[in-house]
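Have the structure open and follow along.

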Amino acid sequence: PDHLQKDPTPTQIQDLHLAVEDLCVFYGEAQALNHVSLSVKKGQTVAVLGSNGAGKTTLLRTLTGMLRPREGNIVFSGLNIEGKPPSEIIRKGIAIVPEGGELFGAMSVSDNLLLGTYPMSRSERKEKLSARLKTAFDTFPILKSRLSQKAETLSGGERQMLAVARALMSNPELVALDEPSLGLSPLLVTEMMRLLKNVCSNMSISILLVEQNAKAALKIADYAYVLERGEVSFQGSGREVVSNPSIYSAYLGG
Ligand code: ATP
């Protein structure tokens with residue numbers, strides 16, 4: 001159909017940082033993803049938009065090895081990663097910010113940040129820890145003043161910042177975020193997106209941003225996919241998504 005627009009510029013496979021091809025994922029016999037294909041080029045911010053139950057979280061769980069696809073490939077930096085365990089996928093350079101952050105509430109801010117370095121070897125950690133912490137504090141200065149505070153006592157915005165900062169501690173090449181705007185005020189969402197984009201472009205990290213808040217995601221996305229009932233129903237640049245009347249009224253109007 002016409003509305004399934006193709007990426008206008010032919011893309012060489014080696015330009016792709018992440019390529020998801022024909023992914024089919026089931027929970028028992030219930031199909032959650034139906035031949036989903038998408039790609040992220042190096043340094044790009046790609047949004048996956050969709051309403052409740054569209055399959056966004058399933059896509060991220062499959063990407064990070066928590067779910068196994070029944071069909072399809074996931075290629076990251078030229079390597080097939082589908083079916084690999086999460087620990088291996090994280091070591092290859094994908095960091096995830098799960099929905100709600102999934103922080104360790106009873107642990108301090110600094111211990112949560114340190115947990116983000118676990119994919120590193122001991123020597124790498126020793127060498128890189130202070131630079132990583134500096135980046136985290138330069139990006140989210142509020143965290144520095146909360147270091148010994150338990151994560152569960154942080155505000156929603158601070159928690160989300162900590163979740164992003166923790167993901168960046170592992171020195172990822174691509175960060176995948178599940179609804180980082182959830183529960184934040186519109187002002188904080190805008191600020192969060194701006195900080196995320198800045199830090200990732202400074203560190204040359206690609207972003208896969210799964211969001212129900214299309215307006216917020218499209219502020220920083222270079223390219224977007226719309227997921228509906230487990231299928232990609234539309235894809236295009238931010239401008240193409242915004243200027244499509246049916247997408248606009250479903251996801252951006254009101
Ligand atoms: P939301 O924005 O509400 O989190 P989503 O786009 O992330 O939605 P998913 O959580 O990926 O959607 O769910 C996709 C489909 O798979 C839904 O129909 C959902 O009910 C189903 N599903 C998700 N998790 C499971 C599970 N553990 N067992 C069975 N079905 C599931």
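R132, T135, A136, T139, F140, A165, L168, M169, V199 and M203 line the largest cavity, where a cavity is a set of points, on a 1 Å grid over the protein atoms alone, at which a 1.4 Å probe fits but cannot get out, and a lining residue has an atom within 4 Å of a point. Before going on, note that this is a predicted model, in which local features need pLDDT of at least 70 and side-chain atom pairs count only at pLDDT 80 or more, while totals for chains, interfaces and linings use all residues. Residues are numbered from 1 along each chain as its sequence is written, and side-chain values use heavy atoms, with hydrogens and water left out.

Back to the cavity. Its volume is about 50 Å³, taken as the space filled by probe spheres set on grid points that are joined across faces, edges and corners. Searching the whole structure turns up one cavity of 30 Å³ or more. Helix α4 (122-139) gives the largest share of the lining, four residues, and α6 (156-168) is another element supplying at least two; helices here are DSSP runs of H or I with at least four residues, strands are E runs of at least two, and both are numbered from the N terminus. By class, the lining has seven nonpolar residues, two polar and one charged (Ala, Val, Leu, Ile, Met, Phe, Trp, Tyr, Cys and Pro count as nonpolar, Asp, Glu, Lys and Arg as charged, and the others, Gly among them, as polar).

Next, the largest pocket, at about 550 Å³. A pocket is an open set of points with protein on both sides within 12 Å along at least five of seven lines. This one is lined by 21 residues, with I90, I96, P98, E102 and R166 nearest its centre. α6 turns up here too, and α1, α2 (86-91) and β6 (94-97) also each supply at least two lining residues. The lining comprises 12 nonpolar, four polar and five charged residues.

Now for the ligand. Its shell holds 14 residues, and the closest are N52, G53, K56, T57 and T58; a residue is near if one of its heavy atoms lies within 4 Å. Helix α1 (residues 56-63) gives the most to this shell, four residues. Look next at the polar contacts, pairs of N or O atoms within 3.5 Å. A polar backbone atom of K56 is 2.8 Å from a ligand oxygen, and a backbone N or O atom of A54 lies 3.1 Å from a ligand oxygen.

Terms used: Polar contact = N/O pair within 3.5 Å; in protein donor to acceptor, adjacent residues only side chain to side chain.
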